[in-house]
Each structure stands twice: as C-alpha cells, then as structure tokens.
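Dear colleague,

I am passing on the structure below, together with some notes on what came out of going through it. Please read the notes with the structure open beside them.

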Amino acid sequence: MGSKAAGSVTSRRLARAAVVLLMVLGSSLTACEYTYDDDGRPGASPTSTAGNVVLPPDPALEETVTGEALEEWAKSALPESQGQSFYSSSGYLNPGESKSEQTVQLPGGTYAVTLACRGTRRVTFTVRVGDVDLVDLTLGCANARVSVVQLERDAILSITVGSRSDANFAYRVSRL
C-alpha cells in the first residue's frame with residue numbers, strides 16, 4: 001500500500017509540475033513583443049530603408065505596351081501617394097537593356113519609392129545615393145512594390161532599371 005501511495009503522490013507532483021510549466025510557457029509566449037532599436041543603425045550611413053510594402057500582382061499584365069497605353073498603365077500601376085511626388089518615370093526595355101536616370105535634388109526626409117513592371121519576366125531596380133544602395137531588387141512583372149527610404153540630408157537618387165526580356169517599367173519617388 002505504501003508503494004501505491006508513493007506512486008500517486010509522485011504522479012500528482014509530475015502533473016502539477018507539467019501544468020505549472022505549461023502555464024509559465026504560455027504566459028511568456030503571449031507576452032512576446034517585437035521592438036526595434038534605432039540605435040542599431042550605422043551612424044555614417046546617409047540613408048536607410050525603413051520598410052517595404054508589396055502590392056498584389058495583376059496576371060493580365062504580361063504583355064508590354066507603348067505610347068498612350070504605356071502612360072495609362074504607369075498611372076494605374078503607381079497608386080496615388082499621400083505626399084508630394086518629386087520624380088516619376090516609365091518606359092520600355094529591350095531584352096538585355098538597362099536605363100539609368102537621376103532624380104532632382106531631394107530634401108532630406110522620408111520617401112516612398114514605388115516600383116512596377118509589366119512583361120513576362122523580371123525587372124531589376126537599383127536605387128542609390130552615391131555608392132550606397134537603398135533599394136536593390138528584382139521584381140517579378142505584373143507586380144508593384146513600395147519601398148520607404150529615409151534621406152538624412154539633401155540628395156539625388158540614381159535609379160537603374162534593367163531586364164533580360166522585353167518589359168515596361170514605372171517608378172515614382174514621393175515624400176511622405
């Protein structure tokens with residue numbers, strides 16, 4: 001009889017310990033919170049990427065266009081921004097072609113760089129300030145992406161767009 005009593009006490013203690021452990025783990029998981037410390041940023045960097053937003057793809061946009069159709073597509077592909085638009089461009093790329101452009105002088109602040117492409121493949125977008133890449137991304141066509149960048153001082157952005165196949169591109173730089 002003593003061994004049964006000792007066994008039931010041991011199993012009760014194990015059960016209680018398991019319940020307490022589950023309660024502690026459960027409460028610690030519900031208390032998790034993500035925080036981001038801005039002090040982790042390099043001090044010498046003139047700019048930083050604050051975030052990205054992916055807009056939903058449109059599978060009907062696999063064919064390239066020119067002329068008025070290109071202008072209409074660029075307007076619809078680049079959603080209206082809340083802030084002042086400083087620079088925008090759109091165009092057509094032949095296979096293997098790349099184009100580089102520069103924005104006007106932008107005052108320091110936070111900007112949305114909206115990128116879009118149209119075609120059957122991908123377009124590479126690189127947005128730089130001097131030698132620093134702010135955005136370096138290959139975007140599948142029929143998509144658009146908004147990248148938020150912070151300019152610590154006045155700057156001119158250099159934007160390079162390239163593709164291995166026929167493609168349309170559009171982008172806009174707007175102050176937030």
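Predicted model: local features only at pLDDT ≥ 70, side-chain atom pairs only at ≥ 80, totals over all residues.

Residues are numbered from 1 along each chain as its sequence is written, and side-chain values use heavy atoms, with hydrogens and water left out.

With that definition in place, A142 counts as buried because its relative accessibility is 7%. A142 lies in the loop between β6 and β7, where strands (E, at least two residues) and helices (H or I, at least four) are DSSP runs numbered from the N terminus. Although A142 is not a glycine, its phi is positive, at about 75°. Most residues other than glycine have a negative phi.

Next, the interior. A nonpolar core is taken here as a set of buried Ala, Val, Leu, Ile, Met, Phe, Trp, Tyr and Cys residues joined through side-chain atoms within 4.5 Å. The largest such core has 26 residues, of which V123, F125, L134, L151, L157, V161 and V173 touch the most other members. Two or more residues of this core come from each of β2 (85–93), β4 (109–119), β5 (122–129), β6 (132–140), β7 (143–151), β8 (158–163) and β9 (167–175). Returning to V161, and leaving aside residues up to four places away in sequence, its contacts (heavy atoms within 4.5 Å) are L93, E97, S98, K99, V123, T124, F125, F169 and Y171.

The structure also holds 3 aromatic pairs; rings of Phe, Tyr and Trp (its six-membered ring) pair if their centres lie within 6.5 Å, with planes under 30 degrees apart counted as stacked, over 60 as edge-to-face and the rest as tilted. The rings of F86 and Y111 are edge-to-face, because their planes stand at 70°, with centres 5.7 Å apart. Since F86 belongs to β2 and Y111 to β4, this pair ties together parts that are 25 residues apart in sequence. Y111 is buried, at a relative accessible area of 0%. The rings of Y87 and Y171, by contrast, are stacked, with centres 6.2 Å apart and planes at 25°. This pair links distant parts of the chain, Y87 being in β2 and Y171 in β9, 84 residues apart. Y171 is likewise buried, with a relative accessible area of 0%, and ring pairs link Y87, F169 and Y171 into a cluster.

Also in strand β9 is R172, which counts as buried at 11% relative accessibility. A polar atom of the R172 side chain lies 2.5 Å from the backbone oxygen of L78.

Finally, two positions can be set against S158. V129, in strand β5, counts as buried at 13% relative accessibility, and its C-alpha atom is 6.3 Å from that of S158, 29 residues away along the chain.

With best regards

Conventions
Buried < 20%, exposed > 50% of the residue type's maximum accessible area, 1.4 Å probe, protein only. Polar contact = N/O pair within 3.5 Å; in protein donor to acceptor, adjacent residues only side chain to side chain.
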